[in-house]
Amino acid sequence: MTVRIKRAYDPPEPDDGYRVLVDRIWPRGVKRADLHVDEWASDLAPSDELRRWFGHQAARWPAFEERYRAELAAPARASLLDALATRAARQPVTLVYGARDREHNQAVVLARAIGRNEEGDAGVDPGARVVPAIERLLVGGIGVTALALSEATPTVDLTLPQWRVLVIVAEGDGVRIGEIGSRLNAGIPSASRLVRRLERRGLATAERDERDRRATLVRATPEGRRVRMAVVHRREELIGAALHGALSGVTDDTVATLDRLADRLGRFA
């Protein structure tokens with residue numbers, strides 16, 4: 001299988017094979033007759049919101065890639081990826097994009113995704129595939145959470161670290177700053193800064209612990225709990241959409257295994 005990526009401003013070549021434009025917007029200054037594309041897959045491009053947020057800032061690339069992969073997991077886009085993977089198995093496919101940055105653009109992510117769809121794992125010990133599969137699930141989970149945050153709470157603008165703190169403090173009736181820092185693998189100063197940002201948004205309160213005046217207890221406000229539930233519900237919807245049609249044949253043993261894995265990984269939460 002051959003999947004290439006190429007800027008829209010690079011001249012077409014005979015060995016490009018099937019050329020697919022993967023931008024949502026037609027490349028500026030390029031005539032349609034000059035681009036020589038066989039397909040314009042605008043539905044595979046990042047959402048307008050994600051594209052504007054990324055702004056081709058290299059520092060945002062890891063988060064962009066995670067959030068974009070979450071978007072590609074939607075059934076309609078997954079079907080388009082499968083179709084390109086099937087075509088790439090028969091002939092070369094070139095993904096055409098307009099961005100200046102050749103290393104940080106959606107075509108890079110798409111090429112990897114298409115390759116992973118087609119490669120398969122025949123002949124590989126299933127046990128050896130568990131850790132890489134879980135690692136992909138975790139990366140996808142981060143992307144789904146980031147997308148849920150942006151969609152469910154667009155006016156709150158929570159970062160992932162702030163979200164983790166909100167989840168921790170919403171678990172009970174008061175969590176000490178030191179415990180928050182420990183669960184974040186961060187120091188008390190870092191945890192305190194995150195808590196203050198939640199306070200400014202009206203999502204949490206911090207007060208002296210009556211049992212130990214040296215300690216500070218952090219609690220989620222009613223608005224904080226509402227925001228948390230809104231994000232959780234949106235994340236469940238995104239996961240459900242991504243898994244649509246993929247759970248046929250799942251047995252009780254499979255679910256029990258997933259529960260055990262979740263319990264073991266939950267200690268890092």
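Predicted model: local features only at pLDDT ≥ 70, side-chain atom pairs only at ≥ 80, totals over all residues.
Q: In what order do the four strands of the open sheet lie?
A: Strands (E, at least two residues) and helices (H or I, at least four) are DSSP runs numbered from the N terminus, and two strands pair if DSSP finds at least two bridges between them. Here the order is β1-β4-β2-β3, with parallel pairing, and the edge strands, each pairing on one side only, are β1 (3-7) and β3 (39-40). Strand β2 (residues 18-21) is joined to β4 (residues 93-97) by four bridges, and Val20 stands opposite Leu95 in β4.

Q: At what angle do the axes of α3 and α4 cross?
A: Axes are lines fitted to C-alpha atoms, for helices over the stretch in contact, and angles run from 0 to 180 degrees between N-to-C directions; 65 to 115 degrees counts as roughly perpendicular. The axes of α3 (residues 61-72) and α4 come within 7 Å and cross at roughly 90°, and the two helices are therefore roughly perpendicular to each other. Where they meet, Tyr68, Glu71 and Leu72 in α3 face Arg77, Ala78 and Leu81 in α4, contact meaning heavy atoms within 4.5 Å.

Q: Which residues have the most contacts inside the largest nonpolar core?
A: In soluble globular proteins, nonpolar side chains tend to be buried together. A nonpolar core is a set of buried Ala, Val, Leu, Ile, Met, Phe, Trp, Tyr and Cys residues joined through side-chain atoms within 4.5 Å, where buried means under 20% relative accessible area (1.4 Å probe, protein chains only). The largest core has 29 residues, and those with the most contacts inside it are Leu158, Val165, Leu166 and Ile180; its largest share, five residues, comes from α7. Apart from it lies another core, of 26 residues, among them Val20, Leu44, Leu81 and Ile114.

Q: Is Ala170 buried or exposed?
A: Ala170, in the loop between α7 and β5 (175-176), is buried because its relative accessible area is 11%. Leaving aside neighbours within four places in sequence, Ala170 is in contact with Ala220, Arg225 and Arg228.

Note on methods: Residues numbered from 1 in each chain as written. Heavy atoms only, no water. Buried < 20%, exposed > 50% of the residue type's maximum accessible area, 1.4 Å probe, protein only. Parallel < 35°, antiparallel > 145°, perpendicular 65-115°, else oblique.
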